[in-house]
Amino acid sequence: SKKPWAQQSSISLMADLQVETVTSPTNIACIKYWGKADKAFNTPINSSVSVTLDQDDLRAITSAAASKSFKSDRLWLNGKELAMDASNEHANRFLTCVSEMRKLAKDRVDPKTGKVAIKASEWPQYHFHVVSRNTFPTAAGLASSAAGYACLVFALAKLLGIPTDEAGLSDLSVIARQGSGSACRSLFGGFVKWQMGTKQAGWKDSRAVPVAPQALWPELETLILVANDAKKDTSSTSGMGLSVKTSLLLGYRASSGLVDSRLERIEKAFKAKDFATFGELTMADSNQFHATCLDTFPPIFYLNDTSRQIIRLVHAFNDFYGEIRAAYTFDAGPNAVIFVLGEDSPALRAFMLHFFPPPPGQSGRFSNRPDLLDSSRAGDAPAELIEKGAGTGRVAKPGDVKMMYCTRIGDGPRHLTKPEDCLLDTATGLPLPPQPVDDQRLGTEASPDAQGANSEVATLKLDVASNHAALLEILKGLPSAIKLVKFTALTAAFYGVFSIASALKRRKF
């Protein structure tokens with residue numbers, strides 16, 4: 001379809017624009033790190049291991065564009081532009097990653113022509129526009145920053161011609177961890193270790209290395225229970241700093257050799273596909289992590305009442321079967337990630353659905369896989385198992401769990417090449433408006449006519465926002481008198497579309 005005038009008129013300004021789009025997964029640590037050895041280099045006081053989750057279910061998607069016309073490096077995250085303020089920690093992390101990636105830049109080969117589009121020596125003349133979004137709650141203890149910074153580094157690597165083979169990804173993980181520590185682990189699929197590194201090596205050995213591929217244990221699945229999708233009160237960075245200063249338990253954990261022993265045992269268990277040992281170590285380390293948070297002064301509370309009820313239910317589930325068949329872990333937040341093998345997954349889903357049903361009328365929005373949840377309501381959890389769960393004191397109540405994600409072990413970052421995957425308008429270098437929500441996919445019960453009208457209204461409003469943003473960029477370079485006249489006329493024309501949107505909203509079905 002034809003682009004709006006404001007976007008068409010910018011094509012000549014963006015003739016040199018180069019863009020790449022990628023996705024990256026999140027990861028969940030089984031043996032966790034908590035505390036930084038060197039804040040400036042963002043290195044941990046102990047090594048850690050994690051499972052990469054399937055990005056078909058939870059991922060970050062990022063488009064990175066480069067142009068000489070851009071005036072500065074800019075980042076839009078989940079629809080909002082990040083202010084590049086020196087006092088903004090997130091801005092500093094973003095700019096650090098961009099600066100480090102520039103140092104590694106190679107010749108940029110145009111994927112369409114195979115010719116060198118940008119020489120390595122020319123990159124200092126370019127700035128970057130980066131647009132990123134998550135498909136899961138941000139800053140709620142689901143490692144959204146890990147997926148986001150892995151995505152940023154991988155996208156820039158593709159843009160700058162930097163190698164992304166296994167050795168190259170390990171090198172890139174050194175940069176990714178400077179944005180978010182656990183981001184280094186999201187550059188690989190399967191089971192991944194983040195080596196703590198040493199000061200003597202300048203922390204260049206603080207990097208991610210793959211332990212086992214996704215294909216080794218494809219039966220490993222996860223059920224994620226979102227107990228709170230809001231931003232957490234205490235960020236991981238501030239929580240770690242406080243724990244390092246005040247928690248004696250954290251000091252013991254890091255220096256006693258306990259973590260190293262657990263790492264050795266869980267790597268062996270994973271490679272042997274020994275779920276009982278893997279699950280026991282995962283749960284024990286999660287419990288110790290949160291005990292460390294309680295040992296911090298003043299204490300840090302990441303778990304809530306729903307989290308603790310989930311823990312009791314998982315233990316009841318395992319007690320019923322007489323062995324460990326499900327294993328919980330909680331990062332710095334109240335949301336539970338429960339590992340389970342595929343053969344036990346239907347029973348676990350049915351069990352948790354019984355005690356944490358979706359709110360009335362929200363069953364379609366309650367999960368990324370409503371088909372799996374629907375199939376799990378047909379008696380997969382024996383009556384005796386439900387009775388065992390009731391013995392924990394939990395009474396079924398809708399709303400305590402906001403959402404259930406059904407996913408599994410996954411692969412590393414992916415390179416997207418379809419134009420429709422790009423989050424940037426290649427004519428303007430600015431973010432495209434987000435796509436209207438697919439109501440049918442989410443299972444809402446609105447009529448087809450109502451869905452169509454809502455989609456039309458959303459699309460019209462998003463077109464206005466996109467045109468407005470593009471106009472502002474174009475008009476910045478015009479003389480003030482012309483700017484005033486053009487801005488007044490064009491704004492009036494574009495915002496007239498709201499009257500159409502309002503009329504559609506008033507339709508009766």
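## A four-stranded sheet

In this predicted model, four strands make up an open sheet whose order is E15-E16-E14-E17, and the pairing between them is antiparallel; strands are DSSP runs of E with at least two residues, helices are runs of H or I with at least four, and both are numbered from the N terminus, while two strands pair if DSSP finds at least two bridges between them. Strand E15 (326-329) and strand E17 (403-408) stand at the edges with a single partner strand each, so one side of each has no neighbour in the sheet. From one strand to the next the twist averages 20°, where angles run from 0 to 180 degrees between N-to-C directions and axes are lines fitted to C-alpha atoms, for helices over the stretch in contact.

E15 pairs with strand E16 (residues 336-341) over four bridges in the antiparallel sense, and Ala 327 stands opposite Phe 339 in E16. Helix H10 lies across strand E14 (220-226), E15, E16 and E17, and runs at about 10° to E14.

Leaving aside residues up to four places away in sequence, Met 352 touches Leu 223, Leu 225, Ile 310, Leu 313, Val 314, Ile 338 and Met 404, a contact being heavy atoms within 4.5 Å.

## A six-stranded sheet

Another open sheet has six strands in the order E8-E7-E11-E6-E1-E18, and its pairing is mixed. Its edge strands are strand E8 (80-81) and strand E18 (414-416), each of which pairs on one side only. Strand E7 (residues 74-77) runs antiparallel to E8, and two bridges join them; the bridge partner of Trp 76 in E8 is Glu 81.

Helix H3 (residues 144-160) packs on the sheet and touches strand E1 (18-25), strand E6 (59-67), E11 and E18, with its direction making about 145° with that of E1. Helix H2 (residues 89-103) lies across E7 and strand E11 (127-134), running at about 125° to E11.

## A buried serine

Ser 186 lies in the loop between helix H4 (166-179) and strand E12 (191-194). With a relative accessible area of 0%, Ser 186 is buried, a word that means under 20% relative accessible area, as against exposed at over 50% and partly exposed in between (1.4 Å probe, protein chains only). A polar atom of the Ser 186 side chain lies 2.9 Å from the backbone oxygen of Pro 25. Not counting residues up to four places away in sequence, Ser 186 touches Pro 25, Thr 26, Asn 27, Ala 146, Ala 147, Ala 150 and Pro 413.

## The chain as a whole

The protein chain comes to 16 helices and 18 strands, and buried residues make up 49% of its 509 residues. The structure holds zero disulfides, a disulfide being a pair of cysteine sulfur atoms within 2.5 Å.

Residues are numbered from 1 along each chain as its sequence is written, and side-chain values use heavy atoms, with hydrogens and water left out. As the model is predicted, local features need pLDDT of at least 70 and side-chain atom pairs count only at pLDDT 80 or more, whereas totals for chains, interfaces and linings use all residues.

Key: Polar contact = N/O pair within 3.5 Å; in protein donor to acceptor, adjacent residues only side chain to side chain.
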